[in-house]
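Opened the notebook for another structure today. I wanted a quick pass over the ligand, the charges and a few loops.

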Amino acid sequence: MAPSVALVIHRCASVSSTQDEARRWVEAGVARAGHVIVADEQTEGRGRHGRVWLSPRGGLYATYVVSPHPQIAVVAGMAVHRSLHQFGVPAALKWPNDLLIEGRKLAGILIESLETEKLVLVGVGVNLEEAPLETAISLRAADGNVGRGELVATIGRGLQFLATEEDLLSKYRATLSTLGRAVRVDLGENRPPVEGKAIDVDPAGQLIVRTIDGDHVVSAGDCIHLRAL
Ligand code: BTN
């Protein structure tokens, strides 16, 4: 990722997904690294693993256009975590980059590559006013007091800053609430889940889970914290 450039914020009213909007704007030459597309609502917001990301008015829906970085998932998770903490919101970072409060989801991150343009789209969704699901929590319910614009800009600066930070991995290890815990990682259809103790992350940001049959390296999946060990 290039060193810090001014953040250019494009604000939209309603879009299908800020990821698609960003992709179109990049392809049309309107957006480039350092630009962020923010929408008031999304009609087809999407999450990881092909899930729907419910996106009613009042939430934060932003896609940051960034240059590729070998640890972009780590950079993104840390940027959102640090930004929330900067505003006094004590969210925990669950591997790989979910932000939780009281075990409920406050924010999620979706990373997609734009291979043809050699750019990456970092999509961030934060439940500001309401939590659209039982398993979610809103910033308002968590007594957080931060405006959408401030949070969008702080995350953007965090993405730029963290991309140049030394020893990101040890900071990520120290931040992750997953390490040392009993976890189950669901790997998707037709693959058995991996259950054991999360012991480390490797330089690629993959989770190492110690199970009764040895250590498993998990690159993607849904990680569930089972209980504190
Ligand atoms: C997750 O599954 O945890 C990731 C959710 C990412 C949601 C954001 S909202 C802005 C951007 N546009 C989308 O359609 N998705 C991401």
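My entries follow, grouped by topic.

**Ground rules.** I am working from a predicted model, where local features need pLDDT of at least 70, side-chain atom pairs count only at pLDDT 80 or more, and totals for chains, interfaces and linings use all residues. Residues are numbered from 1 along each chain as its sequence is written, and side-chain values use heavy atoms, with hydrogens and water left out.

**Ligand.** I started by asking how many residues surround the ligand. I got 20, counting a residue if one of its heavy atoms lies within 4 Å. The closest are Ser-17, Gln-42, Arg-46, Arg-48 and Lys-105. Next I looked up polar contacts (pairs of N or O atoms within 3.5 Å; within protein, one must be able to donate a hydrogen and the other to accept it, and residues adjacent in sequence count only if both atoms are side-chain atoms). Gln-42 puts a polar side-chain atom 2.9 Å from a ligand nitrogen. Arg-46 uses a backbone N or O atom, 2.7 Å from a nitrogen atom of the ligand. For Arg-48, a polar backbone atom is 2.7 Å from a ligand oxygen. Taken alone the ligand exposes 410 Å², and the protein buries 99% of that; areas come from the Shrake-Rupley method with a 1.4 Å probe, and for residues only the protein chains shown count as cover.

**Salt bridges.** The whole structure has 18 of them, each a side-chain nitrogen of Lys or Arg within 4 Å of a carboxyl oxygen of Asp or Glu. I checked burial too: buried is under 20% relative accessible area, exposed over 50%, partly exposed in between (1.4 Å probe, protein chains only).
- Lys-105, one of the closest residues to the ligand, pairs with Asp-98 at 3.0 Å between the closest N and O atoms. Lys-105 is partly exposed at 23%, whereas Asp-98 is buried at 4%.
- Glu-165 pairs with Lys-171 at 3.4 Å. Glu-165 is buried at 17%, and Lys-171 is partly exposed at 31%.
- Arg-210 pairs with Asp-215 at 2.8 Å. Arg-210 is partly exposed at 46%, and Asp-215 is partly exposed at 42%.
- I also noted a salt-bridge network linking Arg-11, Asp-40, Glu-41, Arg-57 and Arg-148.

**Helix α3.** Is this helix largely enclosed or open? It is largely enclosed by the rest of the structure, because 11 of its 15 residues are buried. Among them are Arg-148, Ile-155 and Leu-162. Helix α3 covers residues 148–162 and reaches 21 Å from first C-alpha to last, close to the 21 Å expected, which is 1.5 Å times one less than its number of residues. Helices (H or I, at least four residues) and strands (E, at least two) are DSSP runs, numbered from the N terminus.

**Loops.** Val-52 sits in the loop between β2 (35–42) and β3 (60–66) and is exposed at 64%. With Leu-54 and Leu-133, Val-52 forms a nonpolar surface patch of about 300 Å². Patches take residues with over 30% relative accessible area and no salt bridge, joining like charges within 9 Å and nonpolar side chains (Val, Leu, Ile, Met, Phe, Trp, Tyr) within 5 Å. Pro-56 lies in the loop between β2 and β3, partly exposed at 27%. The C-alpha of Pro-56 is 8.4 Å from that of Glu-130, 74 residues apart along the chain.

His-69, in the loop between β3 and α2 (72–86), is buried at 15%. The His-69 side chain reaches the backbone nitrogen of Gln-71 at 2.8 Å, and a polar atom of that side chain lies 3.2 Å from the backbone oxygen of Ala-163.
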